[in-house]
Amino acid sequence: MPSEETKILLRESEIPQRWYNINSDLPAPLAPPIHPGTGKPLGPEDLAPLFPMELIKQEVSMEPYVEIPDDIMRIYKLWRPSPLYRAHRLEKHLGTPARIYYKNESFSPPGSHKPNTAVAQAYYNKQEGVRRIATETGAGQWGSALSFGCCLFGLECTVYMVKVSYEQKPYRRVLMETWGATVHPSPTTLTKAGQSILEKTPDSPGSLGIAISEAVEDAATHDDTKYSLGSVLNHVLLHQTIVGQEAKAQLKLVDEEPDVIVGCVGGGSNFAGLAFPFVKDKISGKEIDIVACEPESCPTLTRGLYKYDFGDTAQLTPLVKMYTLGHTFVPAPIHAGGLRYHGDAPQLCLLVNQKVIEARAYHQLTTFEAALTFTRIEGFLPAPETAHCIRAGIDEALKCKDTGEEKCILIGYSGHGFFDLGAYERYLADDLVDYEYPQEKIEAALKDLPEIQEPV
Ligand SMILES: Cc1ncc(COP(=O)(O)O)c(C=O)c1O
């Protein structure tokens with residue numbers, strides 16, 4: 001019988017000791033990343049100016065597991081293992097026979113899943129003698145996480161923060177500065193990439209694609225500086241798999257296995273972290289519906305093309321095969337800032353393309369409506385990003401109410417919304433609107449996709 005506990009807790013000694021690498025179980029090989037200059041597949045040496053060698057090795061590793069170093073584990077213990085909650089009150093409120101669980105990553109110092117990789121990335125950079133790390137941030141969650149990770153390992157951190165979020169979320173900036181980081185509103189005049197955007201569009205609200213260009217350029221032009229990405233790349237998703245492995249052990253404690261897993265997708269890291277350890281079971285024959293939730297205003301997985309594209313606007317990053325809305329895409333200023341990215345993680349895209357994972361898109365208002373229900377019933381205030389999969393989880397539970405199915409639903413609760421109260425204020429004042437990305441705009445951005453001969 002499933003337990004009546006509300007919090008399902010592991011001991012620190014039960015934290016998984018290894019990250020799970022899905023490369024070893026993918027149903028088809030990943031298309032290799034392509035060098036933006038030569039048009040040929042990348043080698044590890046091409047990535048060396050940007051990343052420490054240990055992370056490059058993890059990026060291409062085919063080993064099923066990677067050991068977590070002790071220094072990282074000691075820091076993980078500040079907030080890990082994270083609790084798995086049974087949403088008893090929400091189940092009752094919805095009148096559903098479904099059992100709803102949420103894996104709560106909001107207890108980390110910066111308030112989301114992001115430090116699972118930020119701490120690991122800071123550690124490997126420190127090990128290899130790097131002095132400073134440059135990065136971009138959308139909503140500010142990733143920038144906060146990397147600022148925290150760098151602070152704990154004594155590294156300098158420079159953050160290019162998408163201008164619209166910099167203005168919407170001043171306290172995220174203060175949090176990053178409190179951990180010792182330097183934060184710039186992007187586009188800036190500090191980089192060639194930023195200057196060229198500002199020449200064409202002086203009032204550009206910025207985008208993740210532009211901020212990535214700035215951070216990559218900063219790292220590439222300074223010998224003592226490396227670049228760090230908070231999502232999308234294989235090694236980032238790898239580090240997040242601690243979440244799903246813990247969730248699996250927690251569900252086992254209460255004799256449960258998920259029938260449905262829902263998570264929100266910006267670049268794919270929290271979703272992959274939760275889902276990949278279960279994708280392994282699905283590939284081996286278990287029946288699980290695994291649903292990736294994204295905004296209608298940035299519908300990468302549901303309306304993008306599965307093609308090679310750049311990760312950034314200035315075309316500095318390697319080309320990867322992914323679902324993309326085009327690297328020139330500038331999304332509407334919805335409040336789920338962390339979900340406004342034109343592409344997604346290649347590993348996740350491959351699994352969507354192979355129909356192992358399903359993708360769904362949601363409008364902003366319905367996600368806030370779900371977040372409000374959740375907050376008023378469960379008490380926790382989710383980040384607007386997280387609200388997307390809360391919407392999906394509630395919808396799934398309501399379907400069970402109609403059919404009488406007693407499904408076990410697992411929600412990825414990726415972060416809290418305490419820095420998003422401006423968005424909640426607007427929602428409560430009826431001042432938020434939905435943005436559907438117009439098909440003509442998608443088609444126009446997709447016209448700029450590079451023509452790449454796919455390696456065989
Ligand atoms: C709370 C939260 N959830 C989800 C995301 C989306 O990122 P990813 O898809 O990499 O998990 C973000 C990104 O900033 C975030 O802050």
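1. Helix α14 is mostly covered, with seven of its eight residues buried, a residue being called buried if 20 or more other C-beta atoms lie within 10 Å of its own, exposed if 12 or fewer, and partly exposed in between, with C-beta atoms placed from the backbone. The buried residues of α14 are Pro346, Gln347, Leu348, Cys349, Leu350, Leu351 and Val352. Helices (H or I, at least four residues) and strands (E, at least two) are DSSP runs, numbered from the N terminus. Just after α14, Lys355 takes a positive phi of about 65 degrees.

2. A note on the basis of these remarks: this is a predicted model, in which local features need pLDDT of at least 70 and side-chain atom pairs count only at pLDDT 80 or more, while totals for chains, interfaces and linings use all residues. Residue numbers start from 1 along each chain as its sequence is written.

3. Ile357 sits in the loop between α14 (346-353) and β14 (358-362), and it counts as buried because 27 C-beta neighbours fall inside 10 Å. Neighbours within four places in sequence aside, Ile357 is in contact with Ile290, Ala292, Leu348, Leu351 and Val352, where contact requires that the C-beta atoms of two residues, placed from the backbone, lie within 7 Å. Among these partners, Leu348, Leu351 and Val352 are also listed as buried residues of α14.

4. The sheet is open and built from seven strands in the order β1-β4-β5-β15-β10-β11-β14, with mixed pairing; two strands pair if DSSP finds at least two bridges between them. Because β1 (7-8) and β14 stand at the edges with a single partner strand each, one side of each is left without a neighbour in the sheet. Strands β10 (residues 260-264) and β15 (residues 408-413) run parallel and are joined by three bridges, and Val260 has Ile409 as its bridge partner in β15.

5. Helix α12 lies across β5 (99-104), β10, β11 (289-295) and β15, running at about 155 degrees to β10; axes are lines fitted to C-alpha atoms, for helices over the stretch in contact, and angles run from 0 to 180 degrees between N-to-C directions.

6. The domain assignment of the protein chain gives domain 1 (7-15 + 72-111 + 241-447) and domain 2 (20-66 + 114-227), and these bounds come from an automatic or database domain assignment. Between the two, 49 residues of domain 1 are in contact with 45 residues of domain 2. The largest share of the side of domain 1 that touches domain 2, seven residues, comes from α12. By class, that side has 26 nonpolar, 18 polar and five charged residues, with Ala, Val, Leu, Ile, Met, Phe, Trp, Tyr, Cys and Pro counted as nonpolar, Asp, Glu, Lys and Arg as charged, and the others, Gly among them, as polar. The C-alpha centres of the two domains lie 21 Å apart.

7. The ligand is surrounded by 21 residues, the closest being Gln141, Ser231, Gly266, Gly338 and Gly415; a residue is taken as near a molecule or strand if its C-beta atom, placed from the backbone, lies within 6 Å of it. Domain 1 and domain 2 each contribute at least three residues to this shell. Its largest share, three residues, comes from α12, and by class the shell has seven nonpolar, 13 polar and one charged residues.

8. Finally, Ala429 lies in the loop between α17 (421-428) and α18 (439-447), and it is exposed, with 8 other C-beta atoms within 10 Å.
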